[in-house]
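Hello,

Here is the structure for your files. My notes on charged pairs and nonpolar cores follow below it.

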Amino acid sequence: MASPDQDLAPALDKDGVRLTVEDTLATVTLTNPAKRNAQTPALWRALAEAGRLLPGSVRVVVLRGEGQSFSAGLDRRMFTPEGIPGEPTFVDLARRDDAGIDATIAEYQEAFTWWRRTDLVSIAAVQGHAIGAGFQLALGCDLRVVADDVQFAMRETSLGLVPDLTGTHPLVGLVGYARALEICVTGRFVGAEEAVASGLANLAVPAADLDATVRDLAAALLAAPRDAVVETKALLSGALDRTYEEQRAAERAAQARRLRDLAGLGE
């Protein structure tokens with residue numbers, strides 16, 4: 001797949017992650033297609049750094065992967081006794097106390113959390129395999145546009161583990177508890193048609209049209225006034241945690257802020 005951000009000077013380009021910024025639009029690209037964009041702790045640190053480097057002008061972030069697969073999950077070396085040089089192996093991690101394990105996983109999770117910041121709208125452009133950590137990375141974004149060859153799968157449970165990279169909350173929110181349980185425990189593939197029908201993906205397009213479709217969606221998102229988008233995202237993202245009456249009150253408060261801003265009476 002072509003890289004629409006390659007003509008821009010990258011703000012970050014390391015450990016399989018490239019960040020480019022063009023005014024209000026940022027693109028984060030996974031850049032190790034030879035390994036199907038397999039994920040490592042170094043890649044996660046680079047993804048977290050990309051989030052910290054975003055200038056305040058950015059309103060939309062596109063996440064994409066070079067090559068035939070978005071991300072085929074963890075680098076297989078993480079499952080070997082030798083592991084990845086300079087990184088803790090699973091055995092090393094298991095030997096730590098609960099606080100040590102918790103702190104390490106929390107650090108890994110930082111790569112997956114910033115995509116839902118209220119001041120941003122994030123879009124994952126997903127083609128080919130998005131397995132395990134790859135699936136969870138796509139779930140970290142607000143929106144998902146998929147190619148017709150996409151194959152989502154959550155394989156952690158099949159390996160004796162659990163999904164721990166923040167994917168369980170959005171997965172249940174998108175498809176419901178029963179479907180999420182079945183997807184995770186069986187580890188089966190979810191293709192493009194089911195992804196759209198179940199709410200995992202916003203739309204599916206031919207692989208050749210993926211980048212252009214995502215660019216069009218980003219342009220549509222950028223056409224709306226920024227403050228209204230921020231307020232709307234906050235309303236929607238918190239809706240399930242509020243009662244009906246609390247949501248009504250949140251709508252009124254948000255609209256009051258918007259009316260004052262539009263009238264030039266904001267604080």
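Arginine 144 sits in strand E7. The model is a predicted one, and in it arginine 144 is buried but takes part in no salt bridge. Its nearest side chain of opposite charge belongs to aspartate 142, 7.4 Å away. A salt bridge requires a nitrogen–oxygen pair within 4 Å, so at 7.4 Å aspartate 142 does not qualify as a partner for arginine 144. What does the side chain of arginine 144 reach at 3.0 Å? The backbone oxygen of alanine 138. With neighbours up to four places away in sequence left out, the contacts of arginine 144 include Arg116, Ala124, Leu139, Leu174 and Asn202.

Aspartate 142 itself is paired elsewhere: its side chain forms a salt bridge with that of lysine 233, at 2.7 Å from N to O. Lysine 233 belongs to helix H9 (residues 226–237), whereas aspartate 142 is in the loop between helix H4 (133–139) and strand E7 (143–147), so this pair ties together parts that are 91 residues apart in sequence. Both lysine 233 and aspartate 142 are buried.

Helix H9 also holds glutamate 231. Its side chain meets that of arginine 257 in a salt bridge of 2.8 Å, N to O. The two are 26 residues apart and link distant parts of the chain, with arginine 257 in helix H10 (residues 244–262) and glutamate 231 in helix H9. Are the two partners buried or exposed, or in between? Glutamate 231 has a relative accessible area of 17% and is therefore buried, the limit being under 20%. Arginine 257, at 41%, is partly exposed. Leaving out neighbours within four places in sequence, glutamate 231 is in contact with Ala254, Arg257 and Arg258. Glutamate 231 and valine 121 are 110 residues apart in sequence, yet their C-alpha atoms are 12 Å apart in space.

A further salt bridge joins the side chains of glutamate 194 and arginine 179, at 3.4 Å from N to O. Here the partners come from helix H7 (residues 192–198), which holds glutamate 194, and helix H6 (residues 177–186), which holds arginine 179, so the pair connects parts 15 residues apart in sequence. Glutamate 194 is partly exposed because its relative accessibility is 24%, and arginine 179 is partly exposed because its value is 34%.

On the nonpolar side, the largest core has 48 residues. Those with the most contacts inside this core are Val28, Leu47, Val61, Trp115, Val126, Phe152 and Leu171. In soluble globular proteins, nonpolar side chains tend to be buried together.

Setting aside residues up to four places away in sequence, valine 28 touches Leu47, Val61 and Trp115, among others. Its contacts also include Arg18 and Arg64, as well as Val17, Leu19, Ala50 and Trp114.

Regards

Terms used:
Residues numbered from 1 in each chain as written. Predicted model: local features only at pLDDT ≥ 70, side-chain atom pairs only at ≥ 80, totals over all residues. Heavy atoms only, no water. Helix = DSSP H or I, 4+ residues; strand = E, 2+ residues; numbered from the N terminus. Buried < 20%, exposed > 50% of the residue type's maximum accessible area, 1.4 Å probe, protein only. Core = buried A, V, L, I, M, F, W, Y, C linked by side-chain atoms within 4.5 Å. Contact = heavy atoms within 4.5 Å. Lys, Arg positive; Asp, Glu negative; His and termini not counted. Polar contact = N/O pair within 3.5 Å; in protein donor to acceptor, adjacent residues only side chain to side chain.
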